[in-house]
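Subject: Structure and notes on its salt bridges

Hello,

Here is the structure I said I would pass on. My notes on the charged side chains follow below it.

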Amino acid sequence: MEKQSKEVMIDQTRLSIIQGDITKQVTDAIVNAANPGLMGGGGVDGAIHRGGGPAILEECKQIVAKQGHLPTGKAVITTGGNLRAKHVIHTVGPIWQGGNISEAALLESAYRESLKLAAEHNLTGVSFPSISTGAYGYPVAEASKVAIKAVVSFLRERVTSLKEVVFVLFDPGTYEAYSSALEEVV
Ligand code: ADP
């Protein structure tokens, strides 16, 4: 079956959603939905470390040794190791606990801090997975709206090096949620 995709222009940046595997993306940076310890894990985190090899974990260890665990909503950048992406931006999304402990603000921050880091490094392309909607349990109908809104408002607020922002969504249900969010928000 042909994989689906959809795109819009936000000023000078193309924002698209595709169904696929983020570890296969050819771009400046892919974003990892990491844990605060940056030691790898399951889901997309495990796939990125498996695909990228030990160089990524080595840099993550150095970051944690220097600045401690990565707080929720923050982001750091490492090499892409053996991946086709040049860099990995590691961010920590919130664990869903019912929606009353600022999960939306923290999720928005994870996207914004990742984009900020990409722009600071003059990157032109960045790809995101659906942060927090796997093991962290954030309902995808809500998370997708927060994610699209965060990216769109970031791009509308300033001129950056970014030409291409892609959401790479692993399964059809997640793709459908982001597709509806894109229709609703943009
Ligand atoms: P979190 O702990 O932030 O919830 P997970 O990795 O458990 O992160 O899940 C986040 C999303 O990433 C889920 O939609 C999951 O299906 C998806 N995912 C898992 N592997 C990949 C991959 N290789 N490429 C893109 N998305 C992936």
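Is R158 buried, partly exposed or exposed? With a relative accessibility of 33%, R158 counts as partly exposed. Please keep in mind that this is a predicted model, and the values here are computed from it.

R158 pairs with E157 in a salt bridge, where the closest N and O atoms lie 2.7 Å apart. E157 is also partly exposed, at 47% relative accessibility.

Another of them joins the side chains of E164 and R14, at 3.0 Å from N to O. Because E164 sits in strand 7 (residues 164-169) and R14 in strand 2 (residues 13-19), this pair ties together parts that are 150 residues apart in sequence. As for accessibility, E164 has a relative accessible area of 26% and is partly exposed. R14, at 31%, counts as partly exposed as well.

A further salt bridge runs between K24 and D21, with 3.7 Å between the closest N and O atoms. Here the two partners fall into separate classes: K24 counts as exposed at 57% relative accessibility, whereas D21 is partly exposed at 29%.

Regards

Note on methods:
Residues are numbered from 1 along each chain as its sequence is written. This is a predicted model: local features need pLDDT of at least 70, side-chain atom pairs count only at pLDDT 80 or more; totals for chains, interfaces and linings use all residues. Side-chain values use heavy atoms; hydrogens and water are left out. A salt bridge is a side-chain nitrogen of Lys or Arg within 4 Å of a carboxyl oxygen of Asp or Glu. Helices (H or I, at least four residues) and strands (E, at least two) are DSSP runs, numbered from the N terminus. Buried means under 20% relative accessible area, exposed over 50%, partly exposed in between (1.4 Å probe, protein chains only).
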